[in-house]
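I opened this notebook page to record what I looked up in the structure shown below.

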Amino acid sequence: MLLTCVRKEILSYVLSLRYGLVFCLLVGLTLAATAVRTSIYRKQKAAYAESIGERQRTLEMLWDTFQFASRGIVIETPPNPLAIFAGGLENEITRSHNFAGQKTPRTGLRKLNNASFRYFLDIDLILVVNIVGSLLALMLVFDGICGEREQGTLKVLLAGPIPRDTVILSKIIAGLLILALPLLLAWGFSLAYVVGVGGVVLDAELTVRVMWLIALSLVYVSFFFALGIALSSWVRDSASAMAGGVFAWAILVLVVPNLVPLALKRLAPVPPESKLLMERDAIRETIEKEDMPKWREEMTAAKEYDDQQQLWRMLVHMVDEECDRRFEPLERYAVARVVRRLRLNQRIARISPSASFVFAATHCAGTGAEDFLHALSEVEAYGRRFREVFHEKQTEHLKRPRETRHAPYATDAWPPFEPSRLSIAQAVNACWLDVVWLAGSMVVLFLGAVVGFMRYDAR
Amino acid sequence: MELVILVLIRKEILNNLLNSRFSVAYFVCTVLFVGSSLIMFADLLAEKRVADTSQRVYERRMAEIDEGHLYTDEKYVARPVVPTQMFALGGERDPDRRALIGYETAPMFFGDFRRDPLGNLFPAIDPTFIVGVLFSLLIFMLVYDAVSGERELGTLKLLLSSPISRDRIMVAKWLGAFISVLIPYLTSAAIVVLVLLLTRGITIGESDWARIGAVLAIGVLYMAVVLSISLAVSVLFRSSAAGILSLLLIWATVIVALPALSTPIAYLLVDPPSVQQLTEEIRREASQPELREWLRTGIDKTRQEMLDGRDEQELSDEERWAMYRAMQRVDHERIAKGADAVVSRVAMLTRYERNVDRLMRRIARLSPYGCMQNACVTLAGTDMEHELAMREANGRFMKSTISFWKTTLARRGPWNFPAARGPRYRVRREPVASAFGRAAPDIGVLLLTGCVFFLVAFAAFLRADPT
């Protein structure tokens with residue numbers, strides 16, 4: 001009997017104009033978003049590959065150490081193919097970083113730097129599912145129960161031999177199945193496009209991540225389906241169910257995820273770079289006033305230099321080294337504040353299923369908050385390695401005779417930047433709570449729908 | 001007969017106000033608009049405090065630079081905050097906050113990596129977004145059955161059998177619905193303006209008030225357009241279920257997806273050079289072998305002139321420092337020579353960015369929300385042109401600072417260098433009239449769209465079968 005009811009519900013959904021709309025919209029929009037993002041990814045991948053050689057050429061053109069002090073070296077994380085589906089924080093993670101002598105490291109421009117990119121939504125498959133998919137799931141089912149009551153068919157249905165739990169279960173199962181179809185097709189077409197046209201090779205890791213993304217999309221859309229059917233089974237008229245559904249959707253999808261980052265700016269502030277610069281200047285000033293004269297005296301007494309220029313440069317170098325050493329705890333503090341705020345942000349914003357979904361999806365794709373923190377820690381670690389090597393090289397150069405003192409550094413002197421991304425296990429660890437929360441909320445809403453329907457007055 | 005229209009309008013308004021659907025929508029719209037505006041305002045105040053503090057830090061550092069480090073020390077300016085960004089965030093959404101001022105660097109704002117970028121995962125809910133995306137959805141929900149619903153209930157044929165002409169009924173329906181949706185919008189806007197007037201912390205000048213007024217007026221125009229579209233659909237479709245579905249289709253494609261796709265499509269079609277390519281070209285330009293040779297020759301010549309046949313050990317400390325500074329000035333001239341190449345690269349990038357922006361606007365004009373957003377960010381002064389104006393201000397500041405240094409050095413010598421009396425960093429904002437001129441095409445398209453859909457609704461209603 002359950003199967004018959006499920007079949008009946010599936011047919012009634014599939015043959016409705018509403019379902020046709022949901023189907024076409026989901027598949028069409030995801031394909032459009034994927035096509036555009038695949039083209040952008042290919043452009044960025046080509047630019048990254050070219051930039052490796054260009055940066056090496058720049059390094060070879062430097063003719064002395066002064067030039068290195070202003071040009072330095074540039075490091076960058078390569079583009080992530082899964083950012084085609086879930087852009088997330090990819091634009092931040094793939095920023096380049098310039099380390100030049102004693103200058104503070106400079107983070108480069110975003111790859112998509114044009115201000116116009118910030119006017120509208122940053123469209124990708126996850127955004128389409130997040131905003132459009134959730135609303136469509138709600139619209140598909142908001143009058144599943146109360147609409148039937150208004151039409152008078154519900155009392156006829158319940159007057160028959162089919163028990164209430166079978167009726168509601170059949171609606172739920174049928175709804176989930178027919179929602180899964182356009183989503184799976186959308187993902188299938190998108191993957192085929194990305195592999196066929198985008199040239200992305202789906203290895204084992206990428207495939208597992210994509211499977212997770214598909215599963216998350218299904219769970220997320222099912223959450224709103226569950227919300228719609230729960231509303232429908234507790235509310236008596238479809239107009240109220242629709243209004244309530246749209247209201248809940250607006251709050252959960254648009255308002256809460258955005259409010260939390262803004263609120264946390266006040267509650268968990270991160271020191272701005274200008275403040276860190278000020279602290280660094282103060283440290284430098286202290287060293288120049290208190291330590292530099294002592295070092296000068298010691299070096300003059302020990303005759304550790306050949307000429308005044310060498311003495312001056314060695315003193316400046318010692319000041320720089322000491323400044324780096326004393327400033328390091330402040331840098332670690334600033335990073336710790338960023339980590340604290342990001343993690344707090346995620347914990348609070350999870351109230352919203354949309355935020356949970358976005359966090360989980362971006363972690364699976366490798367463009368999430370933890371991936372950003374991982375990139376930040378890699379860049380900070382590289383900065384420390386770079387400064388160690390730079391100080392060694394500079395000390396060695398300063399001890400040379402005057403003619404070769406400022407000869408350019410060897411181009412292979414610098415540590416390579418080999419960025420890594422979080423593994424699947426780490427990604428799953430970062431998002432398991434979001435997945436459990438989404439799935440759990442969905443189950444609770446389904447239970448609410450069942451309970452509501454069991455008590456529903458069909459007159 | 002004019003009284004009849006007023007009576008009809010009053011009837012429509014009362015119907016809407018007493019409708020539970022409308023009450024929920026009224027509450028949602030007011031809370032969201034007021035909430036987002038106040039949150040954006042609080043955020044604006046906080047950003048301004050940070051920007052002002054940062055700029056003071058950078059100015060103090062500039063004032064303390066000595067002559068030997070004029071060209072080499074890191075000199076920054078902080079990105080100024082735009083008061084009107086609380087209504088239309090545009091390009092001010094999580095922008096890069098400081099620019100490096102120097103001959104060898106592009107005068108663009110660059111990023112801080114040690115920050116929280118999580119806000120970028122979600123759409124920014126400035127009031128323009130609330131009106132553009134949410135209000136449009138709510139208007140669709142309210143008005144989708146304005147005509148088709150009456151047809152289904154059977155009241156339409158009763159209404160049309162009365163002596164009131166169809167055109168008056170249509171106009172009354174439109175005006176009644178428009179006034180109904182204006183009520184929450186104007187209420188919210190009034191609350192926000194009142195808060196702005198009563199709160200201190202930021203100076204909102206006359207031109208900013210004009211911009212805010214213009215942005216709010218564009219919101220009204222946009223709602224009129226969306227209302228016309230809903231009414232047209234309601235008239236054209238016989239069943240309200242089909243009507244709401246069509247409006248949802250329009251919302252998802254034309255309001256949400258099309259504007260979001262406009263920038264990436266424009267970017268791909270214009271195909272600007274990559275950020276990496278531009279950065280490397282700028283880094284390399286000042287390192288060309290010709291400049292190296294010029295520098296080596298110049299330094300050797302300067303050194304020989306200052307030594308005048310003596311050994312360096314024979315020089316006094318003062319003479320030695322004077323020689324080093326003279327050699328440094330030769331290097332500064334070398335840097336200035338390389339600066340032209342940087343300027344030309346940045347000019348090329350600016351051309352590409354303008355082209356992407358122009359093409360994006362043309363594509364986005366297919367969507368009423370695209371028109372509205374573009375008009376609002378133009379009027380608020382948070383669009384691409386503002387970004388380019390800041391870039392220009394950075395370049396101007398760099399040139400005037402270098403010129404001040406050179407003049408002062410020539411007049412007063414290197415000691416007690418009065419860097420604190422140097423030029424100040426100022427960004428020239430575009431005049432409001434000019435912003436109106438640039439927003440005019442978007443406003444025009446909105447007006448045209450609204451008129452077209454109203455006429456479609458009007459014409460269809462005149463011929464509609466009420467049975």
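**Interface of chain A and chain B**

I looked up the area buried between chain A and chain B and found about 9,700 Å², with carbon and sulfur atoms giving 67% of it. I note at the outset that this is a predicted model.

I then asked which residues of chain A lose the most area to chain B. They are A:Trp63, A:Tyr119 and A:Phe120, which together account for 9% of what that side buries.

For the extent of the contact, I recorded 108 residues from chain A and 109 residues from chain B.

**Polar and charged pairs across the interface**

I searched the interface of chain A and chain B for salt bridges, and the rule finds 12. As an example I noted A:Arg341 and B:Asp116, whose side chains meet in a salt bridge at 3.2 Å, N to O. I also counted polar contacts between chain A and chain B, which gave 22 residue pairs, both residues at pLDDT 80 or more.

Which element supplies the largest share of the side of chain A that touches chain B? I found that helix H2 (residues 17-61) of chain A does, with 19 residues. By residue class, I divided that side of chain A into 60 nonpolar, 24 polar and 24 charged residues.

**Nonpolar surface of chain B**

I looked up a nonpolar surface patch of about 500 Å², made by B:Leu236, B:Phe237, B:Leu448, B:Val452, B:Phe453 and B:Val456. Helix H14 (residues 432-462) of chain B gives the most to this patch, with 4 residues. I located B:Leu448 in helix H14 of chain B.

Notes. Residues are numbered from 1 along each chain as its sequence is written. Chains are lettered from A and ligands numbered from 1 in the order in which they are written. This is a predicted model: local features need pLDDT of at least 70, side-chain atom pairs count only at pLDDT 80 or more; totals for chains, interfaces and linings use all residues. Side-chain values use heavy atoms; hydrogens and water are left out. Contact means heavy atoms within 4.5 Å. Buried area is the accessible area (1.4 Å probe) that two parts lose on being put together, summed over both. A salt bridge is a side-chain nitrogen of Lys or Arg within 4 Å of a carboxyl oxygen of Asp or Glu. A polar contact is a pair of N or O atoms within 3.5 Å; within protein, one must be able to donate a hydrogen and the other to accept it, and residues adjacent in sequence count only if both atoms are side-chain atoms. Helices (H or I, at least four residues) and strands (E, at least two) are DSSP runs, numbered from the N terminus. Ala, Val, Leu, Ile, Met, Phe, Trp, Tyr, Cys and Pro count as nonpolar, Asp, Glu, Lys and Arg as charged, and the others, Gly among them, as polar. Patches are made of residues with over 30% relative accessible area and no salt bridge: like charges are joined within 9 Å, nonpolar side chains (Val, Leu, Ile, Met, Phe, Trp, Tyr) within 5 Å. Accessible areas come from the Shrake-Rupley method with a 1.4 Å probe; for residues, only the protein chains shown count as cover.
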